[in-house]
Amino acid sequence: MSEPILSARDVVVKFSLRGQVLTAIREASLDLYEGESLAIVGESGCGKTVFTKTFIGMLDANGWVDSGSIMFEGKDLARFKTEREWLSIRGKKIATVFQDPMTALNPLRTIGMQIQEVLELHKGMSGVEAREHTVEILDQVGIRDPEVRYSHYPHEFSGGMRQRVVIAIAIACDPLILICDEPTTALDVTIQAQILELIRSLQRRLGLTLIYITHDLGVVANVADRVAVMYAGDIIEYGTAEEIFYNPQHPYTWALLSSLPQLGIKGKPLYSIKGTPPNLFSEIRGDAFAPRNPRALKIDFVERPPYFQVSPTHFARTWLLDPRAPKVEPPETIRAMQARYARRAV
Amino acid sequence: MTGNQREALIEVEGLRVEFKVRGGKPFVAVDGVSFRIFRGETFGLVGETGSGKTTIGRAIVRINPAAAGVIKFKGRRINGIIPKDLDREVTHKIQMIFQDPMASLNERAKVDYIVSEGLYNTRNYTDEQDRQAKVQKVLAEVGLLPEFATRFPHEFSGGQRQRIGVARALIMEPEFVIADEPISSLDVSIRAQVLNLLSELQKAKGLTYMFISHDLSVVRFIADRVAVIYKGQIVELAGTEDLFRSPLHPYTRSLLSAIPTPDPRVEREKTVMVYDPSCHDYSREAPHWAEIREGHFVLGNSLEMAQYRALLA
């Protein structure tokens, strides 16, 4: 594989909250390759948004990168201190599409102005040139009559159209990396399908590298080349989309897939993960998922598993892959799903 | 699944709901909607934002008045002006579970009050001891601990809050429960728990559900029959598997094609159909609602009906 465009190593992010220190990201590492689309999945609160916010310096004021490195274009983003440094990256090289298109836009300014502002600030465009370019971008994200829509306000757009505008703002500066943070969660399925289509076609046309954050595994299957599964501030398994869906290894990935209603059997209870995610204020020993894992091994409570290699592209942080570990079969839903895939492949 | 000999718990016929618009024509949110819900089943109602699915639910619990049409509960009309005893019965027997457990619980009231509010309002308890016993019983049924009664909603997680929402509906001993997107604001891992809870309660108490949702994969898992609603009209109604196997109406087909499946190979090859209402030519003949095969209803004109029949053959 080629050299990574962005490489995060052992990133630790801490927050200070009411006098206590919380560890939100626990030595997470991630490589992002040029032109790929990587999906980060996990429950809410697992740190997927916080992790990617460290790439654009947008952690809340009470949070900081405690250790680790984030290499991008020969610079370590983890050492960035000033807003000046970040302005050369944020929006320009790495842009973000946020979850809720209802709150991401300024209601008091026309959408044309909001896109043009980006061009003026980052690209030094002005006047007619900036306006023409804005109209072009609006057209690119599939907004009809861009000339007219230029002077409309956000309230005159539907949810799906607003999300298109948010995407337009994000791609206005031709970023290298586009981070999409749950861009379709607030939208209807049919609109969601259209936005996903748009994101994929933009990625192809502009050669973007995509990070797609979501909790919806159906969406992951749609957009991702590679998938990273996050739990309690750590990436516990990563691999190509095929590897994660057809050959998952970590018990948490099993649990996440099993709880999908798409894979449930009617009339039988749906698999549900017992318990709650660990408290991030206290130190986590061993495998963070062990207390909720009915098949946890003794060592899961004692020592944190390293990454075991399943294939050149597939790694999982679970002791089950250790040669000394007892053979543990994946749960029934996962085996049934694999059998279904195998049948289809024939 | 034949419904002829089964008891229809809810019958809706030609329902129309309007909202007043200041200085203009009223906005018609729901028009000409008819369906029956049989005792013991889960009836799914699917549609997009603004399609009127919640409005139908609210019309049945009589929050939104019906502008036209009839809603019957156990064969008796419940919309419009009705006798006091029927009003009381309907208030007890039809309950609703709301979408967002963060917004639908009174932040300033303890769980004990939230859960027993229905009891207070209808004086549906003999004495304080009876009320407390009922609260304890219902909390246990939804999987909450008895000591939770003295706590406030903010002390609970999303899943637990939704359980409080379920308890509040359950304490009235309803026969028919309208669940309006009960899991869409919950986290993936919690969704399964709440879905399982609803199924268990249905089995234990013989409840009948109307499950309103925009998430077709959830509806497929939980519902026995599904109605698809588009802009205030039901366009197709069928047994869940019939609908998913052979969707007829173009809107249903586009909706089904848009569901994301957790399978990368399928997802990459799929084409999403976009529904264009102008594909119907209703200039000569208005569409009608007809049963195209047993239990499978669809909206269309005679020409379309012929096409749909050909599809099923």
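This is a predicted model: local features need pLDDT of at least 70, side-chain atom pairs count only at pLDDT 80 or more; totals for chains, interfaces and linings use all residues.
Helices and strands are named here as DSSP runs, a helix having at least four residues and a strand at least two, and each kind is numbered from the N terminus.

A residue counts as buried if 20 or more other C-beta atoms lie within 10 Å of its own, and Asp300(A) has 23 other C-beta atoms within 10 Å, so Asp300(A) is buried. Leaving aside residues up to four places away in sequence, Asp300(A) touches Gly286(A), Asp287(A), Ala290(A) and Trp319(A). Thr318(A) is 18 residues from Asp300(A) in sequence, and the two C-alpha atoms are 8.1 Å apart in space.

Two packed helices are described by the angle between their axes and the distance between the axes. For helix H3 (residues 111–123) and helix H6 (residues 159–171) of chain A, the angle is about 20° and the axes are 8 Å apart. Angles under 35 degrees count as roughly parallel, so H3(A) is roughly parallel to H6(A). The crossing of H3(A) and H6(A) is right-handed. On the H3(A) side, the contact is made by Ile111(A), Gln114(A), Ile115(A) and Val118(A), while H6(A) supplies Val165(A), Ala168(A) and Ile169(A). Six nonpolar residues and one polar residue make up this contact of H3(A) with H6(A), with no charged residues.

The two chains meet through 33 residues of chain A and 27 residues of chain B. On the side of chain A that touches chain B, two or more residues come from each of helix H7 (189–206), helix H8 (217–223), helix H9 (241–246) and helix H10 (251–258) of chain A. This side of chain A is made up of 16 nonpolar, eleven polar and six charged residues.

In chain B, one open sheet has four strands in the order S2-S1-S4-S5, with antiparallel pairing. Strand S2 (27–38) and strand S5 (76–77) of chain B stand at its edges with a single partner strand each, so one side of each has no neighbour in the sheet. Strand S4 (residues 68–73) of chain B runs antiparallel to S5(B), and two bridges join them. Phe73(B) has Arg76(B) in S5(B) as its bridge partner.

Another open sheet of chain B has eight strands, ordered S6-S7-S8-S3-S9-S10-S12-S11, with mixed pairing. At its edges are strand S6 (94–97) and strand S11 (288–293) of chain B, each pairing on one side only. From one strand to the next, the twist averages 20°. S11(B) and strand S12 (residues 296–300) of chain B run antiparallel and are joined by five bridges. Here Arg293(B) stands opposite His296(B) in S12(B).

Eight of its eight residues are buried, so H1(B) is largely enclosed by the rest of the structure. The buried residues of H1(B) include the charged side chains Lys53(B) and Arg58(B), along with Thr54(B), Thr55(B), Ile56(B), Gly57(B), Ala59(B) and Ile60(B). H1(B) is followed by Arg62(B), which has a positive phi, near 70°.

Methods: Residues are numbered from 1 along each chain as its sequence is written. Chains are lettered from A and ligands numbered from 1 in the order in which they are written. Two residues are in contact if their C-beta atoms, placed from the backbone, lie within 7 Å. Two strands pair if DSSP finds at least two bridges between them. A residue is buried if 20 or more other C-beta atoms lie within 10 Å of its own, exposed if 12 or fewer, and partly exposed in between; C-beta atoms are placed from the backbone. Axes are lines fitted to C-alpha atoms, for helices over the stretch in contact, and angles run from 0 to 180 degrees between N-to-C directions. Angles under 35 degrees count as roughly parallel, over 145 as roughly antiparallel, 65 to 115 as roughly perpendicular and the rest as oblique. A crossing is left-handed if the near helix is turned anticlockwise from the far one by less than a right angle, and right-handed if clockwise.
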